[in-house]
Amino acid sequence: MSEVEEQLPVSPQDGGRGECVEESSDRGAAVGAAEPPPPSAGSPVTEESAAEDTKKKIDILLKAVGDTPIMKTKKWAVERTRTIQGLIDFIKKFLKLVASEQLFIYVNQSFAPSPDQEVGTLYECFGSDGKLVLHYCKSQAWG
Amino acid sequence: MTDDKDVLRDVWFGRIPTCFTLYQDEITEREAEPYYLLLPRISYLTLVTDKVKKHFQKVMRQEDVTEIWFEYEGTPLKWHFPIGLLFDLHASNTALPWNITVHFKNFPEKDLLHCPSKDVIEAHFMACVKEADALKHKSQVINEMQKKDHKQLWMGLQNDKFDQFWAINRKLMEYPPEDSGFRYIPFRIYQVTTERPFIQKLFRPVAANGQLNTLGDLLKEVCPSAVTPEVDGEKKNQVMVHGIEPLLETPVQWLSEHMSYPDNFLHISIIPQPTD
């Protein structure tokens, strides 16, 4: 199984860790500019056959809240050691938000993890169906 | 015999005698005297050090006073970690008082989060409480509470009011009568010697056979290096919570109910065994 991956520039705020956030493509889905409709609960998910432990990257599904702009690409393969702050910086860049604009990320639509939290830990504890669903919002959605 | 509830009070009222000294390179108009303070183990540095800031501001020029930050023997202290955790992890086997250096310049952006106001501490604290309840109760208990109950948790912590805090927190320590404990135990294991910030995984308080899982079971599962003895049979690490080493036979459900921090997490330090 081959996966189309797009290398993206590393955010300088990452402290030189050299991680990148890579686009994770769905098997069988058309690759290109056309954006498929927002995935429903039953939509296909990329499955890795390798054991969870050895997987360096985890799948993150980003969902917009309220009138926050929707990411053209919602599914990303992210290094486990990537922090929430690193993810916030990436999303802000992707959505072309200015640095002063705030962005909040929520897990389980209930809590906002600390900016230094690693996504790998969140995936371990709150991931389901092989991915971590994160909601993002320009204002505080769930306190 | 000591009631289990006494443990809750002992944990809440734990204090660390601390000496704050201004970093020598800070520019002062007069000599800065050190400042002594008993720090609550269960609180956060930026929540309880207003007096420290005021004390050193008196000898500095207004324009030199920017965001305060703290350091111990060269290590910036993360204000968003509870004080007791910071002490156990970095200084538990050194002589008291805990000597902390105070800085106002050169904020270490890569190591510390900014803390511009008390609201930031409250937001962080509440996020931890919510994350803990997501693990314990699928967020059902915290979500059923009103906003004023959430506020009461924070006010109880901020004002050091044990009864006010526990009037609400006791609900977060309950579980359905048909279960033997929480769904998963909120815990974080810290080691200074490792690269990763902490270990946090899903761990059930009860095993498949119905037995209560112990602290030893938890460590064997998520951090086996902490409990494997050295070649000569000597324990190489201390497993510390609130300044003590609980017996490894202690059920984690009990530890979670009685020795969690106010954020409802068990913050556990693995530190090298002291050499005399």
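Figure 1. A:L62 stands opposite A:L134, a residue of β5(A). The model is predicted: local features require pLDDT of at least 70, side-chain atom pairs count only at pLDDT 80 or more, and totals for chains, interfaces and linings use all residues. Residues are numbered from 1 along each chain as its sequence is written, chains are lettered from A and ligands numbered from 1 in the order in which they are written, and side-chain values use heavy atoms, with hydrogens and water left out. Strand β5 (residues 131-137) of chain A pairs with β2(A) in the parallel sense over 6 bridges. Strand β2 (residues 57-64) of chain A is also joined by 5 bridges to strand β3 (residues 75-79) of chain A, and these two run antiparallel. A:K57 has A:E79 in β3(A) as its bridge partner. Strands (E, at least two residues) and helices (H or I, at least four) are DSSP runs, numbered from the N terminus; two strands pair if DSSP finds at least two bridges between them.

**Figure 2. Helix α1 of chain A.** In α1 (residues 84-94) of chain A, 8 of the 11 residues are buried, so the helix is mostly covered. Buried means under 20% relative accessible area, with exposed over 50% and partly exposed in between (1.4 Å probe, protein chains only). The buried residues are A:I84, A:G86, A:L87, A:I88, A:D89, A:F90, A:I91 and A:K92. A:K96 follows α1(A) and has a positive phi, near 60°.

**Figure 3. The contact of α5 with α7 in chain B.** Helix α5 (residues 118-137) and helix α7 (residues 147-158) of chain B pack at an angle of about 120°, their axes 11 Å apart. Axes are lines fitted to C-alpha atoms, for helices over the stretch in contact, and angles run from 0 to 180 degrees between N-to-C directions. α5(B) and α7(B) are therefore oblique to each other (under 35 degrees counts as roughly parallel, over 145 as roughly antiparallel, 65 to 115 as roughly perpendicular and the rest as oblique). From α5(B), B:K118, B:I121, B:E122, B:F125, B:M126, B:V129 and B:K130 meet B:H150, B:K151, B:L153, B:W154, B:L157 and B:Q158 of α7(B), contact being heavy atoms within 4.5 Å. The residues of this contact divide into 7 nonpolar, 2 polar and 4 charged. Ala, Val, Leu, Ile, Met, Phe, Trp, Tyr, Cys and Pro count as nonpolar, Asp, Glu, Lys and Arg as charged, and the others, Gly among them, as polar.

**Figure 4. The five-stranded sheet of chain B.** An open sheet of mixed pairing has 5 strands in the order β2-β1-β5-β3-β4. Its edge strands, β2 (35-40) and β4 (75-76) of chain B, each pair on one side only. Strand β3 (residues 69-72) of chain B runs antiparallel to β4(B), joined by 2 bridges. B:Y72 has B:T75 as its bridge partner in β4(B). Helix α4 (residues 83-91) of chain B packs on the sheet, touching β1 (15-22), β2, β3, β4 and β5 (98-103); its direction makes about 110° with that of β5(B).

**Figure 5. The three-stranded sheet of chain B.** Here 3 strands form an open sheet in the order β6-β8-β7, with mixed pairing. β6 (187-191) and β7 (237-240) of chain B stand at the edges with a single partner strand each, so one side of each is left without a neighbour in the sheet. The twist averages 20° from one strand to the next. β6(B) runs parallel to strand β8 (residues 266-272) of chain B, joined by 5 bridges. B:Q191 has B:I270 in β8(B) as its bridge partner.
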